Amino acid sequence: MGAGPKPASSFLQRLKGGDEVAYLITCIAASTILALTALIVFELYHNSAASRGKFGFAFLFSSTWDPVNDQYGALPFIYGTVVTSAVALLIGIPLGVGAAIFLAEMAPPKVSEALTFMIELLAAVPSVIFGLLGIFVLVPILKWLEPAIRAVLGWTPLFSGPFYGVSLFAAGVVMSVMIIPFIISISREVILAVPNDQREAALALGATRWESTWDVVLPNAFRGIMGSVFLALARALGETMAVTMVVGNDPKIKASLFAPGYSIAAVIANEFTEATGEMYTSALIELGLVLFALTVVINGGARLLVAAGERNKT
Amino acid sequence: MKRTLQILLPFLALAGAAMAQDILINGAGATFPYPMYSKWFDEYHKKNPHMQFNYQSIGSGGGIKQVTEGTVDFGATDGPMNDTQLKDFEAKHMSGILHFPTVMGADVPVYNLAGVTAQLNFTGDALAGIFLGKITKWNDPEIAKANPGVTLPASDIIVVHRSDGSGTTFIWVDYLSKVSKEWETKVGKGTSVNWPVGLGGKGNEGVSGTVKQTPNSIGYVELIFARQNKMQFGKVKNSAGVFVEGSLAGVTAAAAGAVKEIPDDFRVSITNAPGKDVYPISSFTWLLVPEKIADAKKKAAIKDFLSWMLGPGQAMTAALDYAPLPKAVVAKETKAIAKIN
């Protein structure tokens, strides 16, 4: 805007052409998003003053959550949020990207269209439905699978201790099902967007179909695929309903994925409505702020990693 | 245009007149009595078409907050307001707030124990011990001695509690605080507490679902929820030493048993009340009405509704599985209505 004085006639001309108007409108749209985000952060910061004042940074490292005695700490919730999201991504990325490659590169177009439609339907299922499926279908299946999982991975601390069904592991698996549609749908689009010239060039050089996909198409689509993963991660970090129904809701930190846990979004949804007293609500709002910061840190970190990886390649 | 106006005008006038007479009263709070309240407000509206009650079941905590802020005309809660909350209200409004018990509820222990079909008996010590994580096996002597003739397995007990803040939890831990000193000092009472052990399920359905799917587990749910879903639940030993099954009669008996101890402000917990028919894990749920209501029409409407709720309203409770108030409490409340001015 501050590009210096311009001749009035030129401004009018450009106004007529619609450029200035379009600029203004799109700029307003973009700044609205920025303003909204800033407002959310401000509200969270402002309303958590009591809790921030009382606990300071110890809030992040304490693992006591005791509404009766007004003692609050966020660590078990941060731990649960990170662990469930990590499990979801570990399962979701290979499955999602694999499916996207198949749909974009290998499957006959008709099959691809039909499957893509179904995947988009999956993305529209409300999360409470996933939660119920989690309790009544997935948890019994996981219990049935438990001996097999233990036989293979039981030697690691990750799969030790008693298994009640509801657990960090179950939450991660349910969440992976929820994020896979995002990964598939976006990854498929970006893979399809890679110019055909690239494939043809690779094939012309004697590459097999798979070599052209793996060595030429995927590196081209890498940024887009990572974009889909970031979106999936953001959804996983903030997922509430499905998680609270299968995670066990126990704010304790245990190394085993079979143990129950808790997540930030889940505790806010569970306790906010009945929270009385200034400190209690304030602590819950501060948890919201922590979740926001966590999302920024994890997403920012992942983006930096990707950028560094790309620099190394060239 | 003129024609349209001619047709519309009488209607507009009518609407205006109706609006002038209609009284809309807003309330918010507890979810547990919501089905009862919506039935009452609906029936009352049928009898008094110009009076409309609007109730949002946002939770007890929200109810207390909103009535203190003055954004609603009345609140509703499953746990009485504490002294700090009362002081907050007085500081804001220069007058007090009244508690009116409306109906009663109770919590029952539900369990899933393979091979045991008999209805189990629980003492207060056993329940407190289990939820404190001190009694860890089903064949613990404290459970076994209350259940002669039942073969209890030696398996680990898995505790299930509510994960969401709730009046149901408040009643449960209020009872545990009364029967166990250790619970009172270590955990205390509230709509959410720092549970020593156990898994959290969201809502009554979350707890019952987890109990159903987890062998050797025990949890607690609202009596109405257990009855409507035909779940088996345990008997609990009352202060007279009798094992009583949760029932509407047992809950009403709890209020009757505690009636002598009910203070004039009705802020009282009736868990573990005296009497041999008493079901010990029972509680009132309250309406919160400001002592001073500036709007004369609203004041008259609220007072009239309260008297109606204590009269014909109480007859509608059983159909919805709520326990009605005992006569002595109704009489005491009827007197308290006069305090609203």
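**Entry 1: chain B, first look**

I began with the secondary structure of chain B and counted 13 helices and 11 strands. I take both from DSSP runs, numbered from the N terminus: helices are H or I with at least four residues, strands are E with at least two. This is a predicted model, so I keep local features only where pLDDT is at least 70 and side-chain atom pairs only at pLDDT 80 or more, while totals for chains, interfaces and linings use all residues. Residues are numbered from 1 along each chain as its sequence is written, chains are lettered from A and ligands numbered from 1 in the order in which they are written, and side-chain values use heavy atoms, with hydrogens and water left out.

Next I checked the confidence. Chain B has a mean pLDDT of 89, with 94% of its residues at 70 or more; pLDDT is the predictor's confidence in each residue, from 0 to 100. For the complex, the predictor gives an ipTM of 0.79 and a pTM of 0.83.

**Entry 2: chain B in numbers**

I boxed the C-alpha atoms of chain B along the principal axes and got roughly 85 × 45 × 35 Å. Of its 341 residues, 55% count as buried (under 20% relative accessible area; exposed is over 50% and partly exposed in between, with a 1.4 Å probe and protein chains only). The accessible surface is about 14,400 Å², and 57% of that belongs to carbon and sulfur atoms; I used Shrake-Rupley areas with a 1.4 Å probe, and for residues only the protein chains shown count as cover.

For contacts, I mean heavy atoms within 4.5 Å. Among those in chain B between residues at least 6 apart in sequence, 74% join residues at least 24 apart.

I also looked up the charges: chain B has 34 positive and 30 negative side chains, and the centres of the two sets lie 4 Å apart. Lys and Arg count as positive, Asp and Glu as negative, and His and the chain ends are not counted. Each charge is placed at NZ of Lys, CZ of Arg, CG of Asp or CD of Glu.

**Entry 3: a sheet in chain B**

I then traced an open sheet of three strands in chain B, with the order S5-S9-S10 and mixed pairing. Strands S5 (121-122) and S10 (243-244) of chain B stand at the edges with a single partner strand each, so one side of each has no neighbour in the sheet. Two strands pair here if DSSP finds at least two bridges between them. S9 (residues 235-237) and S10(B) pair in the antiparallel sense over two bridges, and I found Val236(B) opposite Val244(B) in S10(B).

**Entry 4: Val221(B)**

Is Val221(B) buried or exposed? I read 0% relative accessibility, so Val221(B) counts as buried. Val221(B) sits in strand S8 (residues 217-222) of chain B. Beyond four places in sequence, its contacts include Ala106(B), Asp107(B), Val108(B), Val207(B) and Thr168(B). Thr168(B) is 53 residues away along the chain, yet the two C-alpha atoms are separated by 7.1 Å.

**Entry 5: over to chain A**

Chain A has 13 helices and two strands, and its C-alpha atoms fill a box of roughly 70 × 60 × 40 Å along the principal axes. I find 42% of its 314 residues buried. Chain A exposes about 16,100 Å², with carbon and sulfur atoms supplying 72%.

I finished on Ser51(A), in helix H3 (residues 49-55) of chain A. Ser51(A) counts as buried because its relative accessibility is 0%. Leaving aside neighbours within four places, Ser51(A) touches residues including Phe59(A), Met279(A) and Glu286(A).
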